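Trainee: I have a new structure to learn from today. Could we walk through it together, one question at a time?

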Amino acid sequence: KTKSVEISGKLEQSRFTKADINKTRGNYAPAAKRGSILFFAMAGLSNLMKMYEISLGSFLGVFQRSLQTSKKDVILENRLRNVIASMTQAMYDYTCTGVFEKHKLMFSLQM
């Protein structure tokens, strides 16, 4: 009986934890949306020239590095602004190192 009460208490706690995680994850949706826009803008460059192929692994490496290096802030809106700015700059710099000058403007417009 005691084990049953203990398990039901832990299940209830896990429901609250799950709800809290989902709420926090939802708060970061704007950064995820910006990341997907950047990935597909980078991937779209291969339509201009086949040598512009980009892998998801290399994108995620730059993405995670920009999350780590972006300025920290306790206010969520400021943190999101910092993450998005850092991510955009890092992706632009990363992509433009391997893109011909004539295609950089096209990439900038797609971002």
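Mentor: Happy to! A search of the whole structure, which is a predicted model, finds 2 salt bridges. Ask away.

Trainee: Which lysine does glutamate 6 meet in a salt bridge?

Mentor: Start with the general idea: side chains of opposite charge can pair when their charged atoms come close. The N to O distance is 3.5 Å, and the partner is lysine 10.

Trainee: And what is the N to O distance in the salt bridge between glutamate 12 and arginine 15?

Mentor: These two are also in helix α1, 3 residues apart, which means about one helical turn lies between them. Glutamate 12 is partly exposed, at 35% relative accessibility. Its side chain meets that of arginine 15 with an N to O distance of 2.9 Å.

Trainee: Is glutamate 6 buried, partly exposed or exposed?

Mentor: Buried needs under 20% relative accessible area, and exposed needs over 50%. Glutamate 6 has 41%, so the word for it is partly exposed.

Trainee: How many charged residues take part in the contact of α2 with α3?

Mentor: On the α2 side we find Gly35, Leu38, Phe39 and Met42, and they meet Leu56, Phe59 and Phe63 of α3. Sorted by type, there are 6 nonpolar residues and 1 polar, while the number of charged ones is none.

Trainee: Are α2 and α4 roughly parallel or roughly antiparallel?

Mentor: The axes of α2 and helix α4 (residues 76–96) come within 10 Å and cross at roughly 10°. Angles under 35 degrees count as roughly parallel. The answer for α2 and α4 is therefore roughly parallel.

Trainee: How many nonpolar residues are in the contact of α2 with α4?

Mentor: Residues of α2 in this contact include Pro30, Ala31 and Arg34, and those of α4 include Leu80, Val83 and Ile84. The contact has 3 polar residues and 1 charged, and its nonpolar residues number 10.

Trainee: Now some single residues. Is methionine 91 buried or exposed?

Mentor: Methionine 91 is found in helix α4. Among the residues it touches are Leu38, Met42, Phe59 and Phe107. Buried means under 20% relative accessible area. Methionine 91 has 0% relative accessibility, so it counts as buried.

Trainee: How far apart in space are methionine 91 and glycine 35?

Mentor: Along the sequence, 56 residues separate methionine 91 from glycine 35. From C-alpha to C-alpha, the distance between the two is 9.1 Å.

Trainee: What is the relative accessible area of asparagine 47?

Mentor: Asparagine 47 belongs to the loop between α2 and α3. Asparagine 47 is exposed, and its relative accessible area is 69%.

Trainee: Last one: what separates the C-alpha atoms of aspartate 20 and histidine 103?

Mentor: Aspartate 20 lies in helix α1 and is partly exposed, at 46%. Histidine 103 is 83 residues apart from aspartate 20 along the chain, and their C-alpha atoms are separated by 43 Å.

Definitions and conventions:
Residues numbered from 1 in each chain as written. Predicted model: local features only at pLDDT ≥ 70, side-chain atom pairs only at ≥ 80, totals over all residues. Heavy atoms only, no water. Salt bridge = Lys/Arg side-chain N within 4 Å of Asp/Glu carboxyl O. Buried < 20%, exposed > 50% of the residue type's maximum accessible area, 1.4 Å probe, protein only. Helix = DSSP H or I, 4+ residues; strand = E, 2+ residues; numbered from the N terminus. Contact = heavy atoms within 4.5 Å. Nonpolar A, V, L, I, M, F, W, Y, C, P; charged D, E, K, R; others polar. Axes fitted to C-alpha atoms, helices over the stretch in contact; angles between N-to-C directions. Parallel < 35°, antiparallel > 145°, perpendicular 65-115°, else oblique. Lists of a residue's contacts leave out its neighbours within four places in sequence.
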